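Let us read one model together, feature by feature.

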Amino acid sequence: MSWLVTGGAGYIGAHVVRAMTEGGESVVVYDDLSTGSPDRVPDGVPLVVGSVLDAPLLKSAIDDHDVTGVVHIAGKKQVAESVERPLHYYRENVTGLQTLLETMAAADVDRLVFSSSAAVYGMPDVDLVTEDTPCLPMSPYGETKLVGEWLIAAAAKAYGLKAASLRYFNVAGAAAPELSDSGVFNLIPMVFERLEAGTAPRVFGDDYATPDGTCVRDYIHVQDIASAHLAAAKRLQQAPDGTSLILNIGRGEGSSVREMVERILKATGNEDVTPEVTARRPGDPARVVAAADRIHEELGWSARHGLDEMIDSAWQGWRHRHG
Ligand code: WQD
């Protein structure tokens, strides 16, 4: 009995693999290594290299490793790229999930934990976003995650699949430097990159209707994201057929871009640097902060790590990668 973790060689996936093995679960990683790295897969954990679009390979991975549940993290996740390459995103994220669900159904694998995203909400006009806040994604990326949730809910109803879709808010930090995010697509690494180049970090707009005028987000440590997957996986082992959970993974605390940049400057010894305020980035919502009650009620989970741990561990990871 083991869990197939798709995308398990990636930044978030590798943390999930560790949390699950430490939590006593047997794990197999399935990853096409497009952005993942085999170095992130721990010794003793099998790695199957392939795409989730490859049904025969998925089937043999399930059969060979006695897989009884899947944690599906593999996917494309860059909002801007999804606007330029929507068909690619639909293929990888939606057709990939459909292929996985078909293969699971044929093999009688009936448990699924799915990586969803706060991007499904789009521009929510509420203080705290609950799972019942209407979903109006603003990008093909967010659309593919919402369609994925729909596919899963329909499969749960039709075939008795037990599933949990976890809507991640803004993921940051690392459990160890070598597990850190290698991409430079989010606020924290983008600030590191500017600092390293000797340029001022940028704040994309300070005229939002927020307390300091900059956008507010709910940052969550990747180790907390990982422990939520373990809790969801364990919960599904006891869940009745057809269970279909949708859960935010956030801390329920908002932090502004200005506050984050100030903390990053302090953590990296750059207190003397003044951030540069530039124009708004198109499509950015003013505020996206999770209501994290439902996951606490359903799984007994809550976040343990704070902003400084996220920033410090991300910085150690950055220095590990960039010398
Ligand atoms: C955070 C805030 C920027 C860089 C995205 C996706 C979301 C999820 C996480 C996958 C924003 C501001 C950034 C900079 C800045 N992805 N910023 N200067 O946009 O909240 O969420 O990543 O699931 O779906 O949309 O994250 O880290 O890009 O930005 O001012 O140099 O920082 O404008 O307000 P975002 P982010």
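**Charges, fold and rings**

Q: How far apart are the mean positions of the positive and negative charges of the protein?
A: Lys and Arg count as positive, Asp and Glu as negative; His and the chain ends are not counted. Each charge is placed at NZ of Lys, CZ of Arg, CG of Asp or CD of Glu. Here 28 positive and 45 negative charges have mean positions 1 Å apart.

Q: What is the source of the model, and how is it numbered?
A: This is a predicted model: local features need pLDDT of at least 70, side-chain atom pairs count only at pLDDT 80 or more, and totals for chains, interfaces and linings use all residues. Residues are numbered from 1 along each chain as its sequence is written, and side-chain values use heavy atoms, without hydrogens and water.

Q: What share of the 323 residues is buried?
A: Buried means under 20% relative accessible area (1.4 Å probe, protein chains only). Buried residues make up 52% of the protein.

Q: How is a pair of aromatic rings described?
A: By the distance of the centres and the angle of the planes. Rings of Phe, Tyr and Trp (its six-membered ring) pair if their centres lie within 6.5 Å; planes under 30 degrees apart are stacked, over 60 edge-to-face, the rest tilted. The count here is three aromatic pairs. Tyrosine 121 and phenylalanine 169 form a tilted one, 6.2 Å centre to centre with 40° between the planes. Both tyrosine 121 and phenylalanine 169 are buried.

Q: Which residues do ring pairs link into a cluster?
A: Phe192, Trp315 and Trp318.

Q: What does the C-alpha trace span along its principal axes?
A: About 60 × 40 × 40 Å.

Conventions:
Buried means under 20% relative accessible area, exposed over 50%, partly exposed in between (1.4 Å probe, protein chains only).
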